[in-house]
Amino acid sequence: MTIAELKEKTDGVVLNVLITEKGSRLSLENRYLLEVAPDASKPQIAAMAEKAFGVHVLAVRTANMQGGLKYIRGTRRATTEATWKKAVVTVKEGERIELA
């Protein structure tokens, strides 16, 4: 499943599956990191994750990630990153969330 298909299938609630070191470590505990729409609620995130990935969601924890000024290394330039929201979704034992 591509990112575009994921956005379409979840009505724009789930934007991306985050693949990071922390996400890899959490996946061993049946928890997965998702980038979600800033206005999405926990029940919406749970329903769309169940719909898109065919898993049973046990819990959803969210965090608003603050954007801001970031300096580009080796140059005098700076850029701004947008504020975004991530969710940690806990799924039933033995189930997995995969993009492929």
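Visitor: How many bridges join E1 to E2, and in which sense do they run?
Guide: This is a predicted model, where local features need pLDDT of at least 70, side-chain atom pairs count only at pLDDT 80 or more, and totals for chains, interfaces and linings use all residues. Residues are numbered from 1 along each chain as its sequence is written, and side-chain values use heavy atoms, with hydrogens and water left out. Strands (E, at least two residues) and helices (H or I, at least four) are DSSP runs numbered from the N terminus, and two strands pair if DSSP finds at least two bridges between them. E1 and E2 run antiparallel, and the bridges joining them number three.

Visitor: Which residue of E2 is the bridge partner of Asn16?
Guide: The residue lies in strand E2. Its contacts (heavy atoms within 4.5 Å) include Asn16 and Trp84. The bridge partner of Asn16 is Glu35.

Visitor: Why does Glu35 count as partly exposed?
Guide: Buried means under 20% relative accessible area, exposed over 50%, and partly exposed in between, with a 1.4 Å probe and protein chains only. Glu35 counts as partly exposed because its relative accessibility is 23%.

Visitor: How far apart in space are Glu35 and Val14?
Guide: In sequence they are 21 residues apart. In space, C-alpha to C-alpha, the distance is 6.2 Å.

Visitor: What is the E6 bridge partner of Arg31?
Guide: E2 and E6 pair in the antiparallel sense, over six bridges. In E6, the partner of Arg31 is Thr90.

Visitor: Which element gives the most to the lining of the largest pocket?
Guide: On a 1 Å grid over the protein atoms alone, a pocket is an open set of points where a 1.4 Å probe fits, with protein on both sides within 12 Å along at least five of seven lines; lining residues have an atom within 4 Å of a point. The largest pocket has a volume of about 290 Å³, the space filled by probe spheres set on the points, which are joined across faces, edges and corners. Of its 17 lining residues, those closest to the centre include Tyr32 and Arg96. The most, three residues, come from H2.

Methods. Lists of a residue's contacts leave out its neighbours within four places in sequence.
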